[in-house]
Amino acid sequence: MRRLNRKKTLNLVKELDAFPKVPESYVETSASGGTVSLIAFTTMALLTIMEFSVYQDTWMKYEYEVDKDFSSKLRINIDITVAMKCQYIGADVLDLAETMVASADGLVYEPVMFDLSPQQKEWQRMLQLIQSRLQEEHSLQDVLFKSAIKSPIPLPSREDDLSQPPNACRIHGHLYVNKVAGNFHITVGKAIPHPRGHAHLAALVNHDSYNFSHRIDHLSFGELVPGIINPLDGTEKIAIDYNQMFQYFITVVPTKLHTYKISADTHQFSVTERERVINHAAGSHGFSGIFMKYDLSSLMVTVTEEHMPFWQFFVRLCGIIGGIFSTTGMLHGIGKFIVEIICCRFRLGSYKPINSVPFEDGHTDNHLPLLENSTH
């Protein structure tokens, strides 16, 4: 009884077989079928390799949400060289809440030469080239995110000996400010606190020594994160007049970065530049110096590195193989059918029509006469 039940079960399973096997003796191969099969296998191999490369690659996903963190402090990282001596200039921050952050809280004044050495010029030229490529190809930033290259790349030390006294001042370090709009500026004279804001002791500095030509080696907001090259890194401005103002209008965007190499909270920013000569007689008012007015965006960007899951790769691979098998089979069948029709027409055209045999009633007989059997 058990054998009988097992046999019935096997027969039932055989009847449900959706892939019936054809004996090899009934299978007819052809040169055209082999050619199509070769093309199909080659195409499948190429597409499989391409699909595997897509599976290995990753991409960056951008999401936007409202930034709800307004209580924490914002870090400003600064490395700027001004073509004036350190005792003549001062740097500080004044925000909308009338809070003043002096440069003594985290900035260092270092006397240096404004002109770069040959090695430093090559470094600056490379940084400017990267900036120009980033402005043209925005997708390069995703490559930098994924590679997590060390940035900012520090300015290399001078390889030549200084034979002249320093004629510039390098201001570098970082400051912590409130997360509100503010103004970081470098102008003539040291900053002093004032009940109605702040002031700079500029009266003791001669106007002829004014020169706000400057080079921004690095300016960023938030923690230093690998893979981010900021828009102003490598910027150099030369003053055409001793009484000139340089303005940078900056919009800071909080950014959360999550890649397979790093995970950090930082800030990115966009900037608009403007410069003008101060001439009160012509209506161009203001103060000589470098002014960076920043404001914070209410939106936060989350950048996440994503990867294609294995099940999606497997489904796409099955679709490629099955689609090519079905398509090549259909194309081969259609081509074979067309060839057979064309060949049959040529064959039919090679035969001549048979002479008709007339009947007495006017009808014709186009059939061949039957051969009578002469044997009885």
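Let me begin with threonine 255, which touches Ala264, Asp265, Thr266, His267, Gln268, Val301 and Val303, leaving aside residues up to four places away in sequence; contact here means heavy atoms within 4.5 Å. This is a predicted model, in which local features need pLDDT of at least 70 and side-chain atom pairs count only at pLDDT 80 or more, while totals for chains, interfaces and linings use all residues. Residues are numbered from 1 along each chain as its sequence is written, and side-chain values use heavy atoms, with hydrogens and water left out.

Threonine 255 lies in strand β12, residues 244–258; strands (E, at least two residues) and helices (H or I, at least four) are DSSP runs numbered from the N terminus. With a relative accessible area of 2%, threonine 255 is buried, where buried means under 20% with a 1.4 Å probe, protein chains only. Its side chain makes a polar contact of 3.3 Å with that of glutamine 268, the term denoting a pair of N or O atoms within 3.5 Å, one able to donate a hydrogen and the other to accept it.

I turn now to a sheet. Five strands form an open sheet in the order β5-β6-β2-β10-β11, with antiparallel pairing; strands pair if DSSP finds at least two bridges between them. β5 (107–112) and β11 (235–237) stand at the edges with a single partner strand each, so one side of each has no neighbour in the sheet. Within this sheet, β2 (residues 73–82) and β6 (residues 168–178) pair over 10 bridges, and asparagine 77 has histidine 174 in β6 as its bridge partner.

Finally, in helix α2, the buried residues include Gly33, Met44 and Tyr55.

Methods. Buried means under 20% relative accessible area, exposed over 50%, partly exposed in between (1.4 Å probe, protein chains only).
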